[in-house]
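My notes are below, in the order I checked things.

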Amino acid sequence: MKKINTCHAFTLEGKIMVFLMRIVAIVIRFFYGKKFDTPLENYLEDARYFKFPSRDLFYFLYKYYHKPPTIDDTSGAAKAHFAKQNFDNLKPFGFEEIASVTLTAAGDLMPYEWIKKEFCTELWDDIGDDFFSSDIVFANLETPINTSKSASYVPEMMLNDMYFNGSAEMFDIFNGNKKYKGFDILSTANNHSLDMGEDGLLANIAFLQDKNIPYTGTAFSENDRDDFPILEKNGVKIAFLAYTYSMNKMQNPEGKTYLCNHIELNKSDVDLQLIKNQVLIAKKRGADLVVASMHYGNAYQAFPSKHVMKNTHRFFEECGVDIVLGGHAHNIQPMENYDFVCPISQEKKKGFVIYALGDFIAYDIFTWGHLPVYLKMTISKGVFGGKEKTILSKVEAKPVYVCGVFHSRKKRELRLLDAEKLTQNIDNQRNIPDFNKAEFEHLMRFYNNYWNYKFIDDTRF
């Protein structure tokens, strides 16, 4: 099969720059050797700490432009651990269900130049009915929307600081192209929350309020921060929290830490007090289950790093979170069930985490980002062992092929395609113009080799 580079530009200038950066990466590899073949220990991956020249910056460049690590940093133990995970029977024997709610969870919505009306007329046509069919639909809005300023897109080549801003038109595309019900809740805590400054963050909140879409992770006051959404559907109350490991080189203004829930989640031994406090508040406000969107981890690698996994387990054991939805990594990373004792109720529970959902609506030159997933989850409330209990009773992963066709700078097509259906019909190419069969097969090999939820057993991949 044709080999596909993991970093593949569209324009001639981009291809030249990628070629040059790949040469730089190979030179870097000569100096650092095999250390870059696995994730770096305790790697923060925070732009605030990137210095030139430095090992951390060179590692980021190397894995993006040349070779992302496909080996975990635990001598294979993490890969073996994920391979043993089973998501078929999450409901314990004897659990009597009283009510349930369905939740769709997707990854990052990012302001690429591809996200324009003329390029996205059919974006949702293949998956929209299924994606928006749940009682609650969630994603991470990874850009402020400040309509008083012009849009600021993700550049083709990421060679300097990037500050995003979306537009009303772009948000309509994210939100279903006005063909579907749209999102029921969005996380607004990520490394681009303060890209347009404090005014931009507040404008984003006002924009979502005007759309009647609840948000979590940012706030306009101290009281607002703890008034995070608890959505009730079918008698089940779910709290939504959100936190980010970084705000790039930006920081909350002095005395205004409430603006964005910023915790250095990629640091070992990080202080989790804010999460503990908010989970406790959620329980006092009557939440049956707590979902936390964590913008964290290390990008452009197949597996989460050891220190990220350790911190994630602390979210369960020390804070009492029930479900962790990971973002930022740009490509998908595995799912995990984790048994723990809730620090609030002292009950034995089973936590669930997906370490990275991937870039959901975006089109990076990093090809692994073209295969995100969204989760279809069922949360059930009932009785178990004579006590009321609310659990994640079902989870189904839905891989999506983000199909981009670049005709010219002014003519492009972007579509979200059901990867399972596409796999079954790959020979007739689903009538997609210029469908990149080689890239799709490359992505399916990545999926089958490094992810731990199999939806198809196909020898072609």
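What follows are my entries on cavities, pockets, helix packing and the backbone.

**Ground rules.** I am working from a predicted model, so I note that local features need pLDDT of at least 70, side-chain atom pairs count only at pLDDT 80 or more, and totals for chains, interfaces and linings use all residues. Numbering runs from 1 along each chain as its sequence is written, and side-chain values use heavy atoms, with hydrogens and water left out.

**Cavities.** On a 1 Å grid over the protein atoms alone, a cavity is a set of points where a 1.4 Å probe fits but cannot get out, and lining residues have an atom within 4 Å of a point. Points are joined across faces, edges and corners, and a volume is the space filled by probe spheres set on them. I get 5 cavities of 30 Å³ or more. The largest cavity holds about 60 Å³. I listed its lining as L141, E142, T143, P144, T188, N190, H192, S193, L201, N204, I205 and T218. Which element gives the most to that lining? Helix 6 (residues 197–210) does, with 3 residues. Helices here are DSSP runs of H or I with at least four residues, strands are E runs of at least two, and both are numbered from the N terminus. I sorted the lining of the largest cavity into 4 nonpolar, 7 polar and 1 charged residues. For these classes, Ala, Val, Leu, Ile, Met, Phe, Trp, Tyr, Cys and Pro are nonpolar, Asp, Glu, Lys and Arg are charged, and the others, Gly among them, are polar.

**Largest pocket.** Next I went to the open spaces, a pocket being an open set with protein on both sides within 12 Å along at least five of seven lines. The largest pocket has about 750 Å³ of space. I count 33 lining residues, and the closest to the pocket centre are F50, L57, F60, M158 and N160. Helix 1 (12–32) and helix 2 (55–65) are the elements that give two or more residues to this lining. Helix 2 gives the most, with 6. By class I have 22 nonpolar, 6 polar and 5 charged residues in the lining of the largest pocket.

**Second largest pocket.** I put this one at about 510 Å³. Its lining has 24 residues, with D322, K349, K389, T390 and I391 nearest the centre. Strand 10 (348–356) and strand 13 (387–408) are the elements giving two or more residues here. The lining of the second largest pocket splits into 11 nonpolar, 4 polar and 9 charged.

**Helix 1 on helix 2.** I went back to these two for their packing. Helix 1 and helix 2 meet at about 125 degrees with axes 9 Å apart; the axes are lines fitted to C-alpha atoms over the stretch in contact, and angles run from 0 to 180 degrees between N-to-C directions. So helix 1 is oblique to helix 2, since angles under 35 degrees count as roughly parallel, over 145 as roughly antiparallel, 65 to 115 as roughly perpendicular and the rest as oblique. With contact meaning heavy atoms within 4.5 Å, M21, R22, V24, A25, I28, R29 and Y32 of helix 1 meet R55, F58, L61, Y62 and Y65 of helix 2. I class the residues of this contact as 9 nonpolar, no polar and 3 charged.

**Helix 8 on helix 9.** Helix 8 (residues 273–284) and helix 9 (residues 306–319) pack at about 50 degrees, their axes 10 Å apart. This pair is therefore oblique too. On helix 8 I found I275, K276 and V279 in the contact, and on helix 9 F315, E318 and C319.

**Backbone.** Most residues other than glycine have a negative phi, and most peptide bonds are trans. I noted a cis bond between F52 and P53, omega about -5 degrees. P53 sits in the loop between helix 1 and helix 2. N234, not a glycine, has a positive phi of about 55 degrees, and lies in the loop between strand 5 (230–233) and strand 6 (236–244). H330 has a positive phi near 75 degrees, in the loop between strand 8 (323–327) and strand 9 (333–341).
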